[in-house]
Amino acid sequence: MTDALEKKAVLLFTTFQYPHVGGVSSHIDQLARVLGFDPARVLSASQRDRMDDGRWGTIRAAGSRLLFALRGATRLEREALSIARVLTRSSCRIVHCHDVLAAWAAVQVRDSERPELRVVVTVHGPNSRHMREEGDVFSAHEIASMERRERETWGRVDRIIAVDSTQAAILREQGADSWKIDIIPNAVDVTRTEQIGKALQVHAAPGRSWVCVPRRLVPKNGVDVTIEAHERLGDPSIDLLICGDGPLRGHLERKAARGSQRDAVHFLGSVAQALLFPIIVESRAVLVPSVPVYGIVEATSLSALETMALARPVI
């Protein structure tokens, strides 16, 4: 098989926006580059949003037989199916999914329209537990439905890739067959990471330095612990740069504002790699805290791997 045919045979699929700032997007980006894909070979919510109404209407019509799957489906499941309908017109033979709803929707397409399609899913974390972690964003019905879909999907996909042994253990707990699971650990492209880190020069002000916290602001990522540690350190010359966003941002900003080091704590929001990696290069250290919540523990952290690739201390 030629390289061109191999590329055409595989399509990457996520129901998330792509690209976005986060570990899953970094993983997909690296995989796409290694496979030699352009962004058009990554099916995502972003791709759907870029389509004009006429083209999307044609895709909806082509997937009309998928309507059976919408009975009792949650909002998230309906959105996944709306993206997956692209597969009814795709020439791909393998769809490599990167979240459970993408895999569930791809299975619906396979069973109703494309029996020759093979569905592989990489599991980066247990979606149902992450939904609980988000607080009031998701209803109890949506969370329960997600867990049912996880168990159902693991039984119906053709192959499962876990990013570490912890994710593999969770998959088995949810009923996935051990023979379906392969563990392929998270990794980073060291050369490319170094190149991005050196492409932009950033420097602390004279007499100051910083530590970086590249974390999404959710309970399991323990950013409140870093704010407390910075407060205890009590060194006003060391800035704490929190590079990430999430539902806890307001709570964490209020927590930082009550401390004596409030002027040295900076919430930068989501930071793209083009700026984040140079920030890490200039950091005295990078903090990657993790606190188990709802049974969620840190998978192999891409932020930690990227920091090591940039030759900075990671805590």
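## Packing of α10 against α13

R192, T193, I196 and G197 in helix α10 meet Q273, A274, F277, P278 and V281 in helix α13. By class, the residues of this contact comprise five nonpolar, three polar and one charged. The model described here is a predicted one.

Two packed helices are described by the angle between their axes and the distance between the axes. For α10 (residues 190-199) and α13 (residues 273-282), the axes come within 7 Å and cross at roughly 85°. The helix α10 is therefore roughly perpendicular to α13.

## Salt bridges of R33

The structure holds 18 salt bridges. One of them joins the side chains of D29 and R33, at 3.4 Å from N to O. Both residues belong to helix α2 (residues 23-35), where D29 and R33 lie four residues apart, about one turn of the helix.

The side chain of R33 also meets that of D189 in a salt bridge, at 3.7 Å from N to O. This pair links distant parts of the chain, since D189 lies in the loop between β6 (181-183) and α10, 156 residues apart from R33 in helix α2. R33 is partly exposed, with a relative accessible area of 32%, and D189 is partly exposed at 30%.

Within helix α8 (residues 140-156), the side chains of R151 and E147 form a salt bridge of 3.8 Å, N to O. The two are separated by about one helical turn because they are four residues apart in this helix. R151 counts as partly exposed at 42% relative accessibility, as does E147 at 24%.

A network of salt bridges links E77, R110, D111, R149, E152, R156 and D158.

Definitions and conventions. Residues are numbered from 1 along each chain as its sequence is written. This is a predicted model: local features need pLDDT of at least 70, side-chain atom pairs count only at pLDDT 80 or more; totals for chains, interfaces and linings use all residues. Side-chain values use heavy atoms; hydrogens and water are left out. Axes are lines fitted to C-alpha atoms, for helices over the stretch in contact, and angles run from 0 to 180 degrees between N-to-C directions. Angles under 35 degrees count as roughly parallel, over 145 as roughly antiparallel, 65 to 115 as roughly perpendicular and the rest as oblique. Contact means heavy atoms within 4.5 Å. Ala, Val, Leu, Ile, Met, Phe, Trp, Tyr, Cys and Pro count as nonpolar, Asp, Glu, Lys and Arg as charged, and the others, Gly among them, as polar. A salt bridge is a side-chain nitrogen of Lys or Arg within 4 Å of a carboxyl oxygen of Asp or Glu. Buried means under 20% relative accessible area, exposed over 50%, partly exposed in between (1.4 Å probe, protein chains only).
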